[in-house]
There are 2 protein chains.
Amino acid sequence: MKNQSKPVYLKLRDMIAAAIIDGRYAEGDMLPSVRALAAEQGANPLTVAKAYQQFQNDGLVEVQRGVGMYVVPGAAGRLRKSEREAFLREEWPEIRARMDRLGVSARELLAEA
Amino acid sequence: MKNQSKPVYLKLRDMIAAAIIDGRYAEGDMLPSVRALAAEQGANPLTVAKAYQQFQNDGLVEVQRGVGMYVVPGAAGRLRKSEREAFLREEWPEIRARMDRLGVSARELLAEA
DNA sequence: CGCGGTGTATTATGGCACTGAAGCAGTCTG
DNA sequence: CAGACTGCTTCAGTGCCATAATACACCGCG
């Protein structure tokens, strides 16, 4: 029902963001090259570059031309913080309203953990 | 952060679905004509028709040619049920994983209610 | 019947996002 | 310098979305 086909570059972006937050791409580490990640994910190098671009703009990764892209110190924390705020501010209210309309109990779902 | 620009016809679809579930378009009622709703929402009649089309396909709305489109009896319940299932199956797991990663606790979410 | 209200089909057009292919530019290593 | 790696730029193709302008088919009412 819901169109779950997000653009590839956004899926990659989320994938990378999760990896940074979880520390699988540690601060100071070099990210996989666009070509390497593209090959691994079966995507186009340009599409990967577009995903990386998002992080550059936010200053979470730094580019060394001809070398690679590095995770900036503090990136994991800042990323978690900003995503957390964005989630609470923009996504949760809608989700909550949706759950109420559909008769889904938030308390019930959150208790399962 | 999250791209909130969904296609117009999907936004209309969600808007109408919410109205049906909430009973603002009651079962047996006639929906606004494509031209009327288009004018009201500043959209194109064809785009509205495309949104309505979704509900016809699911048998939630019946067309009386030359008259209008009517909400089928039981539509609200069926719609709520199917959306509820889709939500729990497709959206909730991702939301839950996201919350865990971002360190959002159930407690702080439920406190707002 | 005639008129104005419904939804629908057709065709064309412009815009935009996504993806892709090839090549350019910078850096490191030997 | 030569080669192999990096990211980046440019040009192009594809498909979806939204819009528009018509035209058609049906119904209810006077």
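Let's start at the protein–protein contact: Arg98(B) and Glu83(A) form a side-chain salt bridge at 3.6 Å, N to O, where a salt bridge is a side-chain nitrogen of Lys or Arg within 4 Å of a carboxyl oxygen of Asp or Glu. This is a predicted model, in which local features need pLDDT of at least 70 and side-chain atom pairs count only at pLDDT 80 or more, while totals for chains, interfaces and linings use all residues. Residues are numbered from 1 along each chain as its sequence is written, chains are lettered from A in the order in which they are written, and side-chain values use heavy atoms, without hydrogens and water.

The rule finds 6 salt bridges across the interface of chain A and chain B. The contact (heavy atoms within 4.5 Å) draws 32 residues from chain A and 34 residues from chain B.

| Residue | Protein atom | Atom of DNA strand C | Distance |
|---|---|---|---|
| Gln56(B) | polar side-chain atom | phosphate oxygen | 2.8 Å |
| Gly66(B) | backbone N or O atom | base nitrogen | 2.9 Å |
| Val67(B) | polar backbone atom | sugar or linking oxygen | 3.5 Å |

Definitions and conventions
Polar contact = N/O pair within 3.5 Å; in protein donor to acceptor, adjacent residues only side chain to side chain.
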